[in-house]
Amino acid sequence: SYHLAIRPDQVTDQIILVGDPERVPKVSQYFDKVDVKIHKREFVSHLGELNGKRIGVISSGIGADNVEIVLNELDALVNIDFASRTIKSEKKSLKIIRLGTSGALQDFIPVDSLVASSWGIGLDNVLHFYNLQTTAAEQQLCNEFANFTQLYKSNITPYAVQGSEKLLANFGAEYHKGITVTCPGFYAPQGRIVR
């Protein structure tokens, strides 16, 4: 792939997606072995094994636009025949877990707490370019969030996605569960003012 520099035969079925390239070795140190290490721009990939299964960790850098690059290139690596430049008849899905950092608005969630997202709300516009199929519950959350924050005044249309209940079941009571929001920037979009 162009940005990731990964070959189709190197892709693992389970991938942990982190933002910070320096977080990749902090995750892969827990693998039983790492047999592929690739670094191109902000995209660092360590692919190997854990408990007899192939697993990988890939960094995206900062922002939803970079995550979009990683996800599209991973999809292409498993679902496009590069030799014939055709889409494969049998599609493959990867298991991707996003591991990152977040701020919190609630004072009862202290710094360095563990949070598992039961819902994600996006204020960036990247997913609006895709055919996102939303459920009634996801649309209702979008509407309530937009009304509560008065986003309609700024012409921002949020999207929402419910987290995997199967995956969330693996995170115990030490994790705060709740809604996380992705903004299109770190400063003004998150209400920060530098000067």
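User: In this predicted model, what makes β9, β8 and β10 an open sheet, and in which order do the strands stand?

Analyst: The order is β9-β8-β10, and the pairing is mixed. β9 (159-162) and β10 (175-182) are the edge strands, each with a single partner strand, so one side of each has no neighbour in the sheet. Neighbouring strands here are turned by 35° against each other on average, direction ignored.

User: How do you know that β8 and β10 pair?

Analyst: Two strands count as paired when there are at least two bridges between them. Eight bridges join β8 (residues 114-122) to β10, and these strands run parallel. Eight set against a cut-off of at least two means that β8 and β10 are paired.

User: Which residue in β10 does Trp 119 stand opposite?

Analyst: Trp 119 stands opposite Ile 179.

User: What lies across β8, β9 and β10?

Analyst: Helix α3 (residues 136-149) does, and this helix runs at about 135° to β9.

User: Why is Cys 142 said to be in no disulfide?

Analyst: A disulfide needs two cysteine sulfur atoms within 2.5 Å. The nearest cysteine sulfur to that of Cys 142 belongs to Cys 183 and is 14 Å away. A distance of 14 Å is not within 2.5 Å, therefore Cys 142 is in no disulfide. Cys 183 is likewise in no disulfide, its nearest cysteine sulfur being that of Cys 142. A search of the whole structure finds zero disulfides.

User: Why is Cys 142 called buried?

Analyst: The cut-off for buried is under 20% relative accessible area. Cys 142 has 5% relative accessibility, so Cys 142 counts as buried.

User: Where is Ile 62, and is this residue buried or exposed?

Analyst: Ile 62 is found in the loop between β4 (53-59) and α2 (64-79). Exposed means over 50% relative accessible area. Ile 62 has 79%, so this residue is exposed.

User: Which residues line the second largest pocket, and how much space lies in this pocket?

Analyst: About 150 Å³ of space lies in the second largest pocket. The lining includes Leu 127, His 128, Tyr 130, Gln 139, Cys 142, Asn 143, Thr 157 and Tyr 159. Helix α3 gives the largest share of this lining, four residues.

User: How many residues apart along the chain are Ile 62 and Thr 157, and what separates their C-alpha atoms?

Analyst: Ile 62 and Thr 157 are 95 residues apart along the chain, and their C-alpha atoms are separated by 21 Å. Thr 157 is one of the residues lining the second largest pocket.

Technical notes: Residues are numbered from 1 along each chain as its sequence is written. This is a predicted model: local features need pLDDT of at least 70, side-chain atom pairs count only at pLDDT 80 or more; totals for chains, interfaces and linings use all residues. Side-chain values use heavy atoms; hydrogens and water are left out. Axes are lines fitted to C-alpha atoms, for helices over the stretch in contact, and angles run from 0 to 180 degrees between N-to-C directions. Contact means heavy atoms within 4.5 Å. Buried means under 20% relative accessible area, exposed over 50%, partly exposed in between (1.4 Å probe, protein chains only). On a 1 Å grid over the protein atoms alone, a cavity is a set of points where a 1.4 Å probe fits but cannot get out, and a pocket is an open set with protein on both sides within 12 Å along at least five of seven lines; lining residues have an atom within 4 Å of a point. Grid points are joined across faces, edges and corners, and a volume is the space filled by probe spheres set on the points.
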